[in-house]
Amino acid sequence: TKKYNEEIKAQFEEFAEKCRSILIKEGFTELADRVITYSVRTNATKSLGTTTRKFAAQYVNMRTGETRRNTFVYNIEMNWAFVLHSSETEVHNTIMHEMCHCVDDGMKHTGGWKRAADSVRKYGFDITRLADADKIQEYMNIYNTQNPIKYRVVCPNCGVIASRKRDSKMLKEIRLLGTKSGSYCAKCGSRNLTVEE
């Protein structure tokens, strides 16, 4: 349920902040003032977690109203299927792995990241450089089972099939307007499309 998911998201953010505190205690004091946001991705296919860094001319923290100018904003994004279906230990190790990317010279798996990862081993974290591709696929299979393909847009002209998980405005227009819907086959250009459920 949505409430349950919000609870898990809150736990993710809370633990990420704990990881930040541990790294600050270990001497990575730059994290004290660093802008770090958190998000989840339901269709991640290449990782269990990722960290990105973007320059922002102005960033406003929606919770506190604080404004920062000319700063980097880091975002830790977790694979939602992994968060929901993995052990707490694995999730915690992955969150710490991503927090280590937020230190100075930490965006690669060398330099600052490696120093940060080494420094938190004494807290029981087992941080590996990269996740196993089979493990990522395992979580994607869980996600796809929960979100099965429900609709197919078919081009009778060339046989191309486009899979869709939810009923969209485009699918409704194809059913209602047929060739006048504005949609066309990406392969042959035919406007004679049908929707199958």
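Analyst: Burial is read from the relative accessible area: a residue is buried under 20%, exposed over 50% and partly exposed in between, with a 1.4 Å probe and protein chains only. Leu48 has a relative accessibility of 7% and is therefore buried. Leu48 belongs to the loop between β1 (35–41) and β2. Buried residues amount to 37% of the 197 residues in the chain. This is a predicted model, in which local features need pLDDT of at least 70, side-chain atom pairs count only at pLDDT 80 or more, and totals for chains, interfaces and linings use all residues. Residues are numbered from 1 along each chain as its sequence is written, and side-chain values use heavy atoms, with hydrogens and water left out.

User: In what order do the elements of the chain run from the N terminus on?

Analyst: Helices (H or I, at least four residues) and strands (E, at least two) are DSSP runs, numbered from the N terminus. The order here is α-β-β-β-α-α-α-α-β-β-α-β, with six helices and six strands.

User: Which residues does Thr51 touch, leaving aside those up to four places away in sequence?

Analyst: A contact means heavy atoms within 4.5 Å. Thr51, in strand β2 (residues 49–60), touches Tyr74, Asn75, Ile76, Glu98, His101, Cys102 and Met107. A polar contact is a pair of N or O atoms within 3.5 Å; within protein, one must be able to donate a hydrogen and the other to accept it, and residues adjacent in sequence count only if both atoms are side-chain atoms. The side chains of Thr51 and Glu98 make such a contact at 2.7 Å. Thr51 is buried, at 12% relative accessible area.

User: How many aromatic pairs are there?

Analyst: Rings of Phe, Tyr and Trp (its six-membered ring) pair if their centres lie within 6.5 Å; planes under 30 degrees apart count as stacked, over 60 as edge-to-face and the rest as tilted. By this rule there are three aromatic pairs. One of them joins Phe12 and Tyr38: the centres are 5.6 Å apart and the planes stand at 75 degrees, so the pair is edge-to-face. Because Phe12 lies in helix α1 (residues 2–25) and Tyr38 in strand β1, the pair ties together parts 26 residues apart in sequence. Phe12 is buried at 5% relative accessibility, and Tyr38 is buried at 12%. Phe55 and Phe72 also form an edge-to-face pair, 5.8 Å centre to centre with 80 degrees between the planes. Phe55 is exposed, with a relative accessible area of 54%, whereas Phe72 is partly exposed at 37%.
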